[in-house]
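Please open the model in your viewer and keep the selection panel at hand; the tour moves from one selection to the next.

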Amino acid sequence: MPGALPDGEPVPSDGSLPDSVRVSDQFGVYVHVPFCASRCGYCDFNTYTARELGGGASQAEYPSTVLAEIRFAGKIVNRQPVQTVFVGGGTPTLLSPEDLGRILEGIDATWGIATGAEITTEANPETVSPAYFEELRNVGFNRVSLGMQSASAGVLRILERNHTPGRAIQAATEAREAGFEHVNLDLIYGTPGETADDFAASLDAVIGAGVDHVSAYSLIVEDGTRIAARMRRGELEYPSDDVAADRYLAADRALKGAGFDWYEVSNWATSPEAQCRHNRLYWTGGDWWGFGPGAHSHVGGVRWWNVKHPSAYAQRLAEGVSPGLAREILTPDDRRVEEVMLGLRLKDGLPLAGLDPVGVEKALANGLLEPSVPGRAVLTLQGRLLADAVVRDLLP
């Protein structure tokens with residue numbers, strides 16, 4: 001979108017970037033790996049199986065392509081130690097630990113990775129092993145996030161996940177034994193056919209796995225996915241908001257009883273150190289550069305995103321040009337909306353100053369904000385269930 005940088009430099013709409021960008025001291029890096037062995041029925045992420053790629057992009061050459069973008073970014077972003085690295089996808093663990101390590105080396109050579117930085121990779125349980133985790137630790141990763149989704153074989157079938165119910169728990173144990181102190185397990189609740197007992201078993205499994213972080217998300221049915229098509233045909237029921245609320249309350253109750261505390265509406269950790277620092281950077285308006293096809297970046301109120309297809313991404317970098325597709329400048333109003341929308345989801349909440357006083361009173365009267373936290377808007381348990389509605393009420 002047309003606009004201007006804070007220093008007045010024109011902003012083109014073609015995704016090209018300024019000559020230099022100064023980032024804050026909380027600079028993070030996201031690396032998107034767009035490859036998957038198979039596509040899950042609920043997934044609408046920018047990911048591709050070998051068949052979907054149809055040529056033009058190579059998984060083997062992908063680390064070198066990402067390194068080319070990192071070198072490109074290094075000419076623009078001032079040297080500032082990277083505080084967090086998050087490799088997501090897709091399935092990052094389809095790449096070898098050696099290749100993932102090469103990407104980390106490129107980030108370190110370009111900006112320097114800060115001492116004590118959080119370095120995370122997502123992993124699908126079926127793509128890892130004890131030896132793989134050992135190698136990941138050796139190349140510098142210190143946190144892993146495993147996609148579990150459910151402990152029920154029936155739920156996994158509906159989601160079209162290709163791992164067995166116990167494999168995610170086993171992988172979490174392998175990661176901990178390899179020296180990963182921080183391990184997350186992801187759950188999805190509200191899948192058609194999932195029972196309360198199914199979800200209770202999933203919660204019991206993640207608690208028993210000894211991990212220090214759990215993320216739990218309600219199933220979102222996205223247009224264009226296979227699960228959406230099955231629902232349109234009447235093969236599956238659409239998710240129920242009431243069931244999702246019941247599942248969320250069950251998750252909070254079980255995790256709290258096991259020593260976890262919520263710090264973001266969908267995330268629980270056993271300690272402040274176990275919280276995902278990279279995601280907190282997103283939620284608090286920090287600066288990050290996203291590498292890979294379709295990846296989004298944000299620096300100082302400027303947001304841009306790359307071309308989506310891996311072959312187009314690789315071709316642009318091979319030609320020595322930015323893979324950026326477009327960019328926009330967030331206005332002060334845009335930034336305020338995002339600050340409220342994201343900040344309210346955190347347990348820290350937001351200062352009441354600047355929020356709509358009528359909306360604050362309404363939320364307090366309805367039991368959606370904690371009355372015991374003076375000067376701040378902090379969601380109650382009921383408020384977490386209605387977070388989006390509370391945001392609308394609090395914006396002036």
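Begin with the cysteines of this predicted model, where the count of disulfides comes to zero. Select C36, which takes part in no disulfide, the nearest cysteine sulfur being that of C43 at 6.2 Å.

Next, turn to the largest nonpolar core, which has 86 residues and in which W111, F133 and L185 touch the most other members. Helix 2, residues 62-74, gives this core its largest share, namely six residues.

Keep F133 selected and show its surroundings: beyond the neighbours within four places in sequence, F133 is in contact with V128, V144, L146, A171, E174, A175, A178 and F180.

Which residues of helix 6 are buried? Select residues 167-177 to find them: they are R167, A168, I169, A171, A172, E174 and A175. To see what covers these buried residues, display, among other parts, helix 4 (130-139), strand 6 (143-149), strand 7 (182-189) and helix 7 (196-208). Finally, step past the end of helix 6 to G179, which follows the helix and has a positive phi, near 110 degrees.

Note on methods: Residues are numbered from 1 along each chain as its sequence is written. This is a predicted model: local features need pLDDT of at least 70, side-chain atom pairs count only at pLDDT 80 or more; totals for chains, interfaces and linings use all residues. Side-chain values use heavy atoms; hydrogens and water are left out. A nonpolar core is a set of buried Ala, Val, Leu, Ile, Met, Phe, Trp, Tyr and Cys residues joined through side-chain atoms within 4.5 Å. Buried means under 20% relative accessible area, exposed over 50%, partly exposed in between (1.4 Å probe, protein chains only). Helices (H or I, at least four residues) and strands (E, at least two) are DSSP runs, numbered from the N terminus. Contact means heavy atoms within 4.5 Å. A disulfide is a pair of cysteine sulfur atoms within 2.5 Å.
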